[in-house]
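Here is a short report on one protein model. Please look over the sequence and the structure before reading on.

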Amino acid sequence: MKKHSVALFILLLLASQLFSPGKLFAQTARADSIAQLKPFVGKYQFTNNKMVFLQIMLQDGHLVLRQLWDKKEIPFRQTSALEFYNDEHQFPLKFTKSSTGEITQVLAFNRDLWNRVADDYTPPMKRTIQLTNGQLKAFEGRYELKGGDGDADDIADITVVDGHLSIKHEQDVTSLLPVSDLEFVTEDQSFDVIFTKASDGSVTQAVVNNKDVWLKDK
């Protein structure tokens with residue numbers, strides 16, 4: 001066989017592999033899948049705390065939720081037109097679409113609602129104030145998650161450290177800065193804590209992100 005015939009044969013063989021119907025179908029299916037997922041991609045703001053955000057991204061042809069407060073990423077598989085599921089943590093994402101076809105919200109855990117915002121949106125920071133050590137002392141103590149089972153992850157200890165509150169939950173220690181007499185925020189303001197006082201001035205509970213209630217031990 002002549003050299004140019006061999007070269008032509010090799011080119012035809014490569015072309016048949018490159019443009020085979022199976023590969024073309026797989027590439028088209030993947031492109032269609034990505035196109036269907038793109039409308040969900042964006043930044044979402046937690047309705048219970050305007051300083052908390054998550055990012056919905058596309059990775060390797062599937063949706064990934066990224067928690068912007070700790071950078072944790074959670075992959076999801078699609079279960080219906082507007083619903084996705086994570087098998088490891090066993091919770092769904094349920095998206096809402098407007099009359100114009102735009103994705104506007106996502107519901108996580110069937111309870112946490114997130115509104116879609118512009119990718120470059122940044123909320124204004126709350127102005128912190130200074131409280132005296134005497135005022136801060138009233139918040140010191142052990143708090144237990146209401147409805148919890150009493151395990152270590154349901155216990156938090158609050159103390160006064162260097163003129164601010166410090167909350168220890170398991171191995172995590174976080175500073176809390178006051179924005180009012182009863183409202184505090186973390187340094188990055190990704191979480192807020194609102195305390196409640198009884199008529200005698202004693203602190204009775206703390207509510208985190210307008211959701212989780214922590215009761216103070218008496």
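## Overall make-up

This is a predicted model. The protein has 218 residues, and 30% of them count as buried. Its secondary structure consists of three helices and 16 strands.

## The barrel

Eight strands close into a barrel. The order is S1-S2-S3-S4-S5-S6-S7-S8, and the pairing is antiparallel. On average, neighbouring strands of this sheet are turned by 30 degrees against each other, with direction ignored.

One of the pairs joins S2, residues 53–59, to S3, residues 62–67. Six bridges hold this antiparallel pairing. Within it, isoleucine 56 has leucine 65 in S3 as its bridge partner.

## Two hairpins around S7

S7 takes part in two hairpins, one with S6 and one with S8. Strand S6 covers residues 91–97, and S7 covers residues 103–108. They pair in the antiparallel sense over five bridges. Lysine 97 stands opposite isoleucine 103 of S7. Five residues lie between the two strands of this hairpin. In the turn, glycine 101 has a positive phi of about 90 degrees.

## The largest pocket

How much space lies in the largest pocket? The value is about 1,200 Å³. The lining has 39 residues. Closest to the pocket centre are Trp69, Phe191, Val208, Asn209 and Asp212.

Several elements give two or more residues to the lining. Two of them, S3 and S8, are named in the list and also belong to the barrel order. The others are S9 (141–145), S10 (155–161), S11 (164–169), S12 (172–178), S15 (203–208) and S16 (212–216). Which strand gives the largest share of the lining? That is S12, with four residues.

## Two loop residues with positive phi

Most residues other than glycine have a negative phi. Two exceptions sit in loops. Lysine 71 has a phi near 65 degrees, a positive value in a residue that is not glycine. Its place is the loop between S3 and S4, the latter covering 73–78.

Glutamine 189 is not a glycine either, yet its phi is positive at about 60 degrees. This residue lies in the loop between S13 (183–186) and S14 (192–197).

Are these side chains buried or exposed to the probe, or in between? Lysine 71 has a relative accessible area of 48%, so it is partly exposed. The cut-off for exposed is over 50%. Glutamine 189 has 5% relative accessibility, so it counts as buried. The cut-off for buried is under 20%.

Methods
Residues numbered from 1 in each chain as written. Predicted model: local features only at pLDDT ≥ 70, side-chain atom pairs only at ≥ 80, totals over all residues. Heavy atoms only, no water. Pairing = 2+ DSSP bridges. Buried < 20%, exposed > 50% of the residue type's maximum accessible area, 1.4 Å probe, protein only. Axes fitted to C-alpha atoms, helices over the stretch in contact; angles between N-to-C directions. 1 Å grid on protein atoms, 1.4 Å probe; cavity = no way out; pocket = protein on both sides within 12 Å on 5 of 7 lines; lining within 4 Å. Points joined across faces, edges and corners; volume = space filled by probe spheres on them.
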